[in-house]
Amino acid sequence: MGDRLSLLPRYRSRIVEILKVCAPGVEVWAYGSRVNGRSHPGSDLDLVLRGPGLQPLPLKMLGGLSEAFQDSTIPFFVEARDWARLPESFHAEIEQSYVVLVAAR
């Protein structure tokens, strides 16, 4: 998908930095209002994490990531969900419009 992510570069850099530290080796997609053009500066950022082999990610990793985003200076809510823990119907919805924020290695 093309990069249509509505996110200031300084916030994008910080978010990617947090993801690489707290969720190394995980592919991350952004979806929702910041991708589909319906966002405003205070809109939350919806992320889905796609672990190796699309297997469930450790809950400890997800908790640490959530805490890192809360402790950051990013002025909006960042919600990260585990692809493997979402229903198939939600997968299809996300696949319609997303931006790869961190590519798989």
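The model is predicted, so local features need pLDDT of at least 70 and side-chain atom pairs count only at pLDDT 80 or more, while totals for chains, interfaces and linings use all residues. Residues are numbered from 1 along each chain as its sequence is written, and side-chain values use heavy atoms, leaving out hydrogens and water.

**Nonpolar cores**

- A nonpolar core is a set of buried Ala, Val, Leu, Ile, Met, Phe, Trp, Tyr and Cys residues joined through side-chain atoms within 4.5 Å; buried means under 20% relative accessible area, exposed over 50%, partly exposed in between (1.4 Å probe, protein chains only).
- The largest core has 26 residues, of which Ile15, Leu19, Leu45, Leu47, Leu49 and Phe69 touch the most other members.
- At least two residues of this core come from each of α1 (9-22), β1 (27-31), β2 (45-50), α3 (59-71) and β4 (98-102); helices (H or I, at least four residues) and strands (E, at least two) are DSSP runs, numbered from the N terminus.
- The helix α1 gives the most, with five residues.
- A second, separate core has seven residues, including Trp29, Val48, Trp83 and Leu86.

**Helix α3**

- Its 13 residues reach 18 Å from first C-alpha to last, close to the 18 Å expected at 1.5 Å a residue (1.5 Å times one less than the number of residues).
- Met61, Leu62, Leu65 and Phe69 are the buried residues of α3.
- They lie on the same side of α3 because they cover an arc of only 100° around the axis, taken from the directions from the helix axis to the C-beta atoms.
- The buried residues of α3 pack against α1, β2 and β3 (78-82), with contact meaning heavy atoms within 4.5 Å.
- Leu59, Lys60, Gln70 and Asp71 are exposed on the other side of α3.
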